[in-house]
Amino acid sequence: AYSAYSAGGWPAPIPLGTAPSVPPFPVEVLSPWLAEYASAQSVELQVPVDLPAMLAVGFLAGGLGRKVVIRVRDGFAEPTNLFVMPVLPPGERKT
């Protein structure tokens, strides 16, 4: 059996010191009322718009979770699931 131990050890860990460069959150893809809410919360709480937008999307997904089902093929259905985990550095007003 192949394992990291038998291959000569684990590879060097990837440093986590700097955040990767990512595009801005696409607020324009949200419905107008949700985009307005997320933008207003972002300004009021002085947090990136990503935080209130993703928390709102997660909240809405929880309400729709049992109402929407994807039928992949006859006899096989999957519920819709959305897992949201906003992450910010300490002291960034997450609570």
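Modeller: Start with the core. The largest nonpolar core has eight residues: Val 27, Leu 30, Leu 34, Ala 35, Ala 38, Val 49, Ala 53 and Ala 56. This is a predicted model, where local features need pLDDT of at least 70 and side-chain atom pairs count only at pLDDT 80 or more, while totals for chains, interfaces and linings use all residues. Residues are numbered from 1 along each chain as its sequence is written, and side-chain values use heavy atoms, with hydrogens and water left out.

Colleague: What makes these eight residues a nonpolar core?

Modeller: The term covers buried Ala, Val, Leu, Ile, Met, Phe, Trp, Tyr and Cys residues joined through side-chain atoms within 4.5 Å. Buried means under 20% relative accessible area, exposed means over 50%, and partly exposed lies in between (1.4 Å probe, protein chains only). The eight residues make up the largest such set.

Colleague: Which helices each supply at least two residues of this core?

Modeller: They are α1 (32-45) and α2 (50-64). The largest share, three residues, comes from α1. Helices are DSSP runs of H or I with at least four residues, strands are runs of E with at least two, and numbering starts at the N terminus.

Colleague: What is Ala 38 in contact with, leaving aside neighbours within four places in sequence?

Modeller: Ala 38 is in contact with Val 49, Pro 52 and Ala 53. Contact means heavy atoms within 4.5 Å.

Colleague: How do you know that the span of α2 is close to the one expected?

Modeller: The rule is 1.5 Å times one less than the number of residues. With 15 residues, α2 reaches 21 Å from its first C-alpha to its last, and 21 Å is expected.

Colleague: Why is Ala 40 called partly exposed?

Modeller: Ala 40 has a relative accessible area of 43%, so it counts as partly exposed. Ala 40 is found in helix α1. Its C-alpha atom is separated by 9.1 Å from that of Pro 52, twelve residues apart along the chain.

Colleague: Why is Gln 46 called exposed?

Modeller: Its relative accessible area is 56%, so Gln 46 counts as exposed. Gln 46 sits in the loop between α1 and α2. It has a positive phi of about 60 degrees, although it is not a glycine.

Colleague: And why is Gly 9 called partly exposed?

Modeller: Its value is 34%, so Gly 9 is partly exposed. Gly 9 lies in the segment before α1.

Colleague: What puts Arg 73 over the face of Phe 76?

Modeller: The rule asks for NZ of Lys or CZ of Arg within 6 Å of the ring centre and within 35 degrees of the ring normal. Arg 73 lies over the face, at 5.0 Å from the ring centre.

Colleague: What is the order of elements in the protein chain?

Modeller: From the N terminus on, they run α-α-β-β.

Colleague: Why is the chain called more spread out than a compact globule?

Modeller: The radius of gyration, taken over C-alpha atoms, is set against 2.2 Å times the number of residues to the power 0.38. That rule gives 12 Å for 95 residues, and the chain has 20 Å, well over it, so the chain is more spread out than a compact globule. Of the 95 residues, 14% count as buried.
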